[in-house]
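Subject: Structure handover

Hello,

Please read the notes alongside the coordinates.

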Amino acid sequence: MAKKEVAKKTVAVEQIGSPIRRPAVQRATLIGLGLNKMHRVSVLEDTPSVRGMIRAVQHLVRVVEEK
């Protein structure tokens, strides 16, 4: 039997704040999200760990789209 493929939920985040003069842990979180320059957009799988990372730097990122 063929296995049904379930479309994984994704979330797109855009960096809107600079990591300059921010704690190192916030810089590392941005890099973990795949962001390192202003106005870059990264599409990630919507998991609890990614949501936690977004929440940790919510003042530096903006959720663009959720699917």
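Strand E1 and strand E2 (residues 41–45) pair in the antiparallel sense over 5 bridges. Strands here are DSSP runs of at least two residues (E), numbered from the N terminus, and two strands count as paired if DSSP finds at least two bridges between them. In this pairing Thr10 stands opposite Glu45 in E2.

This is a predicted model, in which local features need pLDDT of at least 70, side-chain atom pairs count only at pLDDT 80 or more, and totals for chains, interfaces and linings use all residues. Residues are numbered from 1 along each chain as its sequence is written, and side-chain values use heavy atoms, with hydrogens and water left out.

E1 also pairs with E3 in the antiparallel sense, over 5 bridges; there Glu14 stands opposite Arg62. E1 is largely enclosed by the rest of the structure, because 5 of its 6 residues are buried (under 20% relative accessible area; exposed is over 50%, partly exposed in between; 1.4 Å probe, protein chains only).

Glu14 lies in E1 (residues 10–15) and is buried, at 10% relative accessible area. Leaving aside residues up to four places away in sequence, Glu14 touches Leu35, His39, Arg40, Val41, Leu60, Val61, Arg62 and Val64 (contact: heavy atoms within 4.5 Å).

Val64 sits in strand E3 (residues 61–66) and is partly exposed, with a relative accessible area of 43%.

Regards

Key: Helix = DSSP H or I, 4+ residues; strand = E, 2+ residues; numbered from the N terminus.
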